[in-house]
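Open your viewer, get the chain on screen and keep the selection tool handy. We'll go stop by stop.

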Amino acid sequence: GGGGRGGGRGGRDDDAFGAARGWIERHPIVLKATSMGVTYSLADLSAQLFSRLTNPEERLTLEARVRRNAGLGLIGLLWVGPLLTVWFEWLARVFPGAGGGAVLLRTLADQLLEVPFMISCIFFLSALAEGHDVAFAARKVRAKLLSTWRGCTVVWLPVQLVNQGLVPLHLRVYFMSFVSFFWDAYMSIAAHAPTPAR
């Protein structure tokens, strides 16, 4: 009898895990987007702490801090996560395979097309989320895009070679979420550095 009851519980547990796995397989973009939202939010909290420790004169209200963090978290959740999911699937269709040529083409396409677009989006959307106007957001992109893109290439070119060459397609956004924590903290610091008036 005890074995039967134990087997029953195991079956229900298996059913629960199976249902969860099935839901994730049917809605992969939700979990991937959530992972990016959480990563962006935690990275910004770290960036804010770093800025506070290195610049004790910094005076941001709690409301401004919360708004900044919520804005970046939502950008990761609603924009970056879904976009990367679709982008990596597109890259895999256009440049299929695990050979060196396909991996290199996917990585170069990512660095030359997706990266500058994503950096621009993050700078632009984070400015809007914090209450700035479109002109300020565009000025931020113009002032910071090229230098940030250069730094990004140094970090992400080798990371993306690994991601595109060794990581299975369904795990690539999660791998990005894991590695990007420190980069996202840097991006948050860069996005909130002073923007030139013109």
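In what order do the elements of the chain run from the N terminus on? The answer is α-α-α-α-α-α. Color by secondary structure and you get 6 helices and 0 strands; these are DSSP runs, with helices (H or I) of at least four residues and strands (E) of at least two, numbered from the N terminus.

A word on what you're looking at: this is a predicted model, where local features need pLDDT of at least 70 and side-chain atom pairs count only at pLDDT 80 or more, while totals for chains, interfaces and linings use all residues. Residues are numbered from 1 along each chain as its sequence is written, and side-chain values use heavy atoms, with hydrogens and water left out.

**The whole chain**

The chain exposes about 11,000 Å², and carbon and sulfur atoms supply 70% of that (accessible areas come from the Shrake-Rupley method with a 1.4 Å probe; for residues, only the protein chains shown count as cover). Of the 198 residues in the chain, 38% are buried. Here buried means under 20% relative accessible area, exposed means over 50%, and partly exposed is in between (1.4 Å probe, protein chains only). Next, contacts, meaning heavy atoms within 4.5 Å: of those in the chain between residues at least 6 apart in sequence, 74% join residues at least 24 apart.

**Stop one: H2 and H3**

Select residues 28-54, helix H2, and residues 62-94, helix H3. Their axes come within 7 Å and cross at roughly 145° (axes are lines fitted to C-alpha atoms, for helices over the stretch in contact, and angles run from 0 to 180 degrees between N-to-C directions). What kinds of residues make up the contact of H2 with H3? They divide into 11 nonpolar, 9 polar and 5 charged.

**Stop two: aromatic pairs**

The structure holds 4 aromatic pairs. Rings of Phe, Tyr and Trp (its six-membered ring) pair if their centres lie within 6.5 Å; planes under 30 degrees apart are stacked, over 60 edge-to-face, and the rest tilted. Show Trp87 and Trp90: the ring centres are 5.3 Å apart and the planes sit at 20°, so this pair is stacked. Both belong to helix H3, and because they are 3 residues apart, about one helical turn separates them. Trp87 is buried at 14% relative accessibility, whereas Trp90 is partly exposed at 37%.

Now jump to Trp183 and Tyr186, a tilted pair with 4.9 Å centre to centre and 40° between the planes. They lie 3 residues apart in helix H6, so about one helical turn separates them. Which is Trp183, buried or exposed? Buried, at 11% relative accessibility; Tyr186 is partly exposed at 37%.

**Stop three: Ser177**

Stay in helix H6, residues 172-191, and pick Ser177. Ser177 is buried, at 5% relative accessible area. Leaving out residues up to four places away in sequence, Ser177 touches Ser35, Met36 and Thr39.

**Last stop: Pro116**

Move to helix H4, residues 100-129, and select Pro116. It counts as buried at 10% relative accessibility. Which residues is Pro116 in contact with, leaving aside its neighbours within four places in sequence? Gln111, Leu145 and Trp149. Finally, draw a distance between the C-alpha atoms of Pro116 and Val141: 25 residues apart along the chain, they are separated by 10.0 Å.

Terms used
Ala, Val, Leu, Ile, Met, Phe, Trp, Tyr, Cys and Pro count as nonpolar, Asp, Glu, Lys and Arg as charged, and the others, Gly among them, as polar.
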